[in-house]
Amino acid sequence: MPFGLIKYGFNKEYPARVDLPPACDLKDSYDVVIVGGGGHGCAAAYYLATEHGITDVAVLDKGYLGGGNTARNTAIIRANYLTPDGVNFYAESVGLYKELSNALDYNIMYSERGHLTLAHTDSAVRTMRWRAEVNKHLGVESELIFADEIARLCPTLDLSDDVRFPVLAALYHPPGSIARHDAVAWGYAAGAARHGVEFHQKTEVTGIVKEAGRVVAVETERGTVKCGQVIQAVAGSSSLVARMAGFKLPIRTIPLQACVSQPLKPFLDPIIVSGSLHAYVSQSARGELVMGGSTDPYPLYGTRSSLDFKEGLMAHMLELFPFLGEVKVLRQWAGMADMTPDFSPVMGETPVENYWLDAGWGTWGFKATPVCGKRMAETVATGRVPDILQPFRLSRFEEFDQVGEKGAASVGH
Amino acid sequence: MTMRLANGAGSLIDREKPVAFTFEGQTIEGLEGDTVASALLANDIWTLSRSFKYHRPRGPLTMAGHDANTLVQLPDEPNVLADRLPIASGLTVKGQNYAGSLARDRRSLIGTVGGFLPVGFYYRSFYKPRGAWKVWEPIVRDFAGLGRVNVDSRHGYYDKQYLFADLAVVGGGPAGLSATLEASRAGLEVILIDEMPAIGGALNFARFVNGHADGLADAVGSDPNIQVLSGATCTGWFADNWLAVVRGNRFYKLRAKQVAVATGAIEQPMVFRNNDLPGVVVGSAAQRLIRLYGVKPGTRAVVVAANADGYGVALDLHDAGVDVAALVDLRHDASPCHFSDQVRDAGIRVVAGHAVSEAHGRDRVTGVTVAAIVGEGDCAPSGERIDCDLLCVSVGYAPAAGLICHTGIKLGYDGDTHMFTAGGTLRDGLMASGSVTGAHALEAALAQGRRAGWAAAKALGANPGAEPAVPNDLGNRGVNHPWPIFPHPKGRDFIDFDEDLTVRDIKNAIADGYSEIELVKRFSTVGMGPSQGRHSALNTARLTAKATGRDVAKVGTTTVRPPLLPEKFAALAGRAFTPERLTPMHYRHKDLGATMMVAGSWWRPAFYGDPASREETIREEALAVRNGVGLIDVSTLGGLEVRGPDAAEFLNRVYTFAYTKQPVGRSRYVLMTDRTGAIVDDGVACRLHDNHFYVTATTGGVDAVYRQMLWWNAQWRLDVDVANVTAAYAGINIAGPYARAVLAPLCDLDLGAEAFPYMGVRTGTVAGVPARLLRVGFVGELGYEIHVPSSCGEVVWDALMAAGAEHGIRPFGVEAQRLLRLEKGHIIVGQDSDGLTHPYEAGMAWAIGRKKPFFVGGRSIEIQMKRGLARKLVGFTLVDPNAPIPEECHLVVRGKEIPGRVTSCSYSPTLEKVIGLAYVAPDQAEIGSEFDIKVDGGRLVKAVVVPLPFYDPDNQRQAM
């Protein structure tokens, strides 16, 4: 029994630890308004407060805290990207994640499971080797491995030759992890709230007020609040909110669906991804198989479920794990992926002064939560975009200086 | 001890047909028609499994297949609902989630330390000191999960069927049946979906005052316009009335013009201490046991009622010979209901204004404490203990509104009836009727059903007559008790049986700040278990409302998502049809012993021989082409017909080169870039006529190219037509110094170097088959690409093989082709380019028509070139011939910097050295420049830039 739980057993009254203070009124003005109370917004608030002493901050969300893509992603964390810019960025995130439970005093259940990206074609093998080589050169653990080693790491995976797409090799990324996604947002929010940051749920932003090209206030359904600076962190609605601020983003929003099985006793240790079969799966701490596939075939601002997603995904799951036929899907859901042309995020400056962007998170937003929060906070506090974010600037698209990460996407597109 | 009733009750069982199966190793006798749960209860076995967190014993709660208390384990299937699974001879069933034995689960000790495991305890602990979680996590993981997967099992046969209907009615209770009949009468084709083996719903098990619904099920069963799917579960509603229906090993996908939801209501538990003990059931569970399975639910019962249904349950128990010790009515001043007199006449003791504050027993209820209600949710501290082995609870319902919620509709809450609400016409083509709308009175449910059937007919243009009237009184008052929640100071007052969550857990989650209903759910996990909150959502909403000082309506509900009931992976997968494309000569390759490889959806020969002899075979095949003659199946190459007066203009826009002045009878290289200027495909364009090009594309790229062409053509509206004819043609490339000698006797064309020069295109016959012949040089030798109708591919292949025998002709595969083209320095799109490569980087400036005004990507390339090159593709060889051969995608490194990577690399048997293509920094791209390649093990290998092509730099051999 961990010591932390003893007080609960011996206290007659529940020793509540108020992570999220009760709702309060909006003030007239804040130094910083963060639009979007997902993981990213909460993390930015946390680092503003803890590392830069900026606590006059309001985080606004149209729904509940962490209720957008933070709640809907499949909680995979990895740094095995393709471009040096991408690898460096996500590697910093993995480093922060590893320490996050203790830093936040909140167990995010960070679980290093190892991450296997299967290659079923020789072109996929080449891409995996490319990623492995770039990773290793930058000090990130990754290796191209073959049947024997794959079988050792995941003995239940079907590695036979008599299937439609035999497994030829895999990119093995030992630091690949999963975490409790909600806890990441809550932990950051609780940490920020302890320093006085305000969280306003069910407070939709309806307009951005500018004066002379500079943001001065944010209009909400609960009234207008003045602000010095704004961070926009609204994955799934990025292009809509940016339009309120008066600029366009090179983003298409496409639903991405996922599902979980009923809880099962643990049998699957690593995270398994197959690009060719459009399937990825890990087993959560609750015992559920968390599964996803490719993005939907068309753009949509919506989170409806579809049947064909499940049909296709399950057919592929059975190709990887034929013994799962009698296991059952418990629940399916969808998130909205803000897809950029180069499969990399967009962070930093916008055409509006003091209006900072944290967008374009496609299917890779959760894993970047700590680094993005920390570096966005630094950006706002110093007024300067740090080097690690520079490659992801919005202007890279007009400059043809993209950060091509399509080859490192787990999800088919 | 058998609990089977002697009075002949049990509409689903066949008393003549005993069936034996095993549960936990013990042989159990049941009857045909029994479920595992009913057969076990008939044998007085109540503990089926153990709970998720505290390992408390779990027994049936609803007998309706709605709760997760009955999840059991089959040898090859975890998490099976025992109150749905029919028994079968030889079936082997076990409980789940226990250590040791089901009866004595060692892990049940954890329940005794429940006080140390507050809501969300795993967020509060296990991570200190640093690294502690690594120790705790495996333990936590091992405790989690329910059933076990058998990794050696293979799933059975599952398939799918499409269904279509004017009206799909979901739910075969009174409302559903009357909707079905009414619509059928108006001429609609109706499909009725019902979960139970026999339609009728509550008519088959509940107690009604009189039989208004007699004959309804029979009428439906004998109507030819009605297709009845019983024993089938509609698991999801998707856009445009697309329903998922699971029945046995068949998965139906049903498109309905109209959908009538008549899914009924789910009877809700009451909250008190030990309310999860086996033997505590909802009232309708007892009725189902008696009427469907002929099982006496207990010997001595207490009934808790807050509505008339509870009185009916008491009477049913009484009639079945159960001693009803007390009927505890939560209401102080309940007005008499239609069963009140009968209850009094039966001599059943009624205790009004009381509740059960606690159930007693270890593995089964042995008694209850009945205490006076002194305030909302508050019982007097002491009460009367009554012995019993069954406690039935009838305190209200929640609508089984899952399908309605799948459409995006959120449930409301009616503060007068204390019910979640969803009713009437919900959206176009979707209606609800019966108790899912709150219509608990039989007459109202029947009338609503009739009106739903009528409305469906009306919406579809039939003439259904006058609109059926629906009574104002739906019978929704006095059904739900406003607050059937009696927290106990000592806890174990469960809100959610799936997750072992008590009243305190919900309150504490809110106290920690998780006060929005979604956060209550996510933090506490209430409603996240296998039954998805069917029995916990209502009471959770009530508790949250009270704790946060809001109305239940304001608190709202969390999102209901498909599936309504868990769906098997194998059912969703069906027969898992994965398309495979075979070229017309596929079986020739197999006969020749080819090792096949995946190429998109195609299979192609990698080389002809055993995988063990791979390197040697590839080398031999390549040398055969260089020194003799070889042939390769290129049928997988994309083929596109581009016809029309604007055909050349069209190509001029979609490809980088210039095509307007391309002569008829000539082919020209095509390179496609996207709007960012990145290379996406290549091939050749053959001009067969002024208005007609035959364009090839890569195997993997053709579908996207075709799609892009259609897309652009829709924008530009040129007078051109594009067709993808990939599958219509077999393609064979014959190459090598003897290619002409082999082909000439089979072909009616003059193959002379002047009559049919390099890059020429001709139509003629080969082996009597009409053919398109292209003189192209991908492998760098004299060669002809022969395109013939697919059906004739084998004929032409055989003729070439026969004619080539004297020249030692040899088929070669994709691997040899890759080597040969590398020797010629030709790129493979996707291997030697990536998603951002523009033509200048790939050294393909020559393929850009600079004089034309526009092509897709042209402007982007121009802008990028103004900045100068960031990298360049070069040919290289190794400085040290004995150095390890770099693999494709090994990096070109310069200190920490990564200027590029090796894209192609191989030992060339013709040139007798290692050759390759690599991206390097522009300042490394000069001929003679040296650069480092980081190979396996981190070793650096020095390479030197050499001119391309490596082989036959003057291109004499292909032009022979």
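Helices (H or I, at least four residues) and strands (E, at least two) are DSSP runs, numbered from the N terminus. Residues are numbered from 1 along each chain as its sequence is written, while chains are lettered from A and ligands numbered from 1 in the order in which they are written. What you have open is a predicted model, in which local features need pLDDT of at least 70 and side-chain atom pairs count only at pLDDT 80 or more, whereas totals for chains, interfaces and linings use all residues.

**Select chain B**

Chain B holds 23 helices and 50 strands. Its radius of gyration (taken over C-alpha atoms) is 38 Å, well over the 30 Å that the globule rule (2.2 Å times the number of residues to the power 0.38) gives for 960 residues, so chain B is more spread out than a compact globule.

**Select residues 174-185 of chain B**

This is helix H4, which has twelve residues and reaches 16 Å from its first C-alpha to its last, close to the 16 Å expected at 1.5 Å a residue, where the expected span is 1.5 Å times one less than the number of residues. Among the buried residues are B:Pro174, B:Leu177, B:Leu181 and B:Glu182. After H4 of chain B comes B:Gly187, whose phi is positive, near 100°.

**Select chain A**

Chain A has eleven helices and 19 strands. The radius of gyration of chain A is 21 Å, close to the 22 Å that the globule rule gives for 413 residues, so chain A is as compact as a globular protein of that length. Of these 413 residues, 62% count as buried.

**Colour the two domains of chain A**

The domain assignment, automatic or from a database, gives domain 1 (27-76 + 181-250 + 342-408) and domain 2 (112-177 + 253-339) of chain A. Their C-alpha centres lie 29 Å apart. Where they meet, 17 residues of domain 1 are in contact (C-beta atoms, placed from the backbone, within 7 Å) with 17 residues of domain 2. On the domain 1 side, helix H3 (69-72) and helix H9 (238-245) of chain A are the elements that give two or more residues.

How values were computed:
A residue is buried if 20 or more other C-beta atoms lie within 10 Å of its own, exposed if 12 or fewer, and partly exposed in between; C-beta atoms are placed from the backbone. Two residues are in contact if their C-beta atoms, placed from the backbone, lie within 7 Å.
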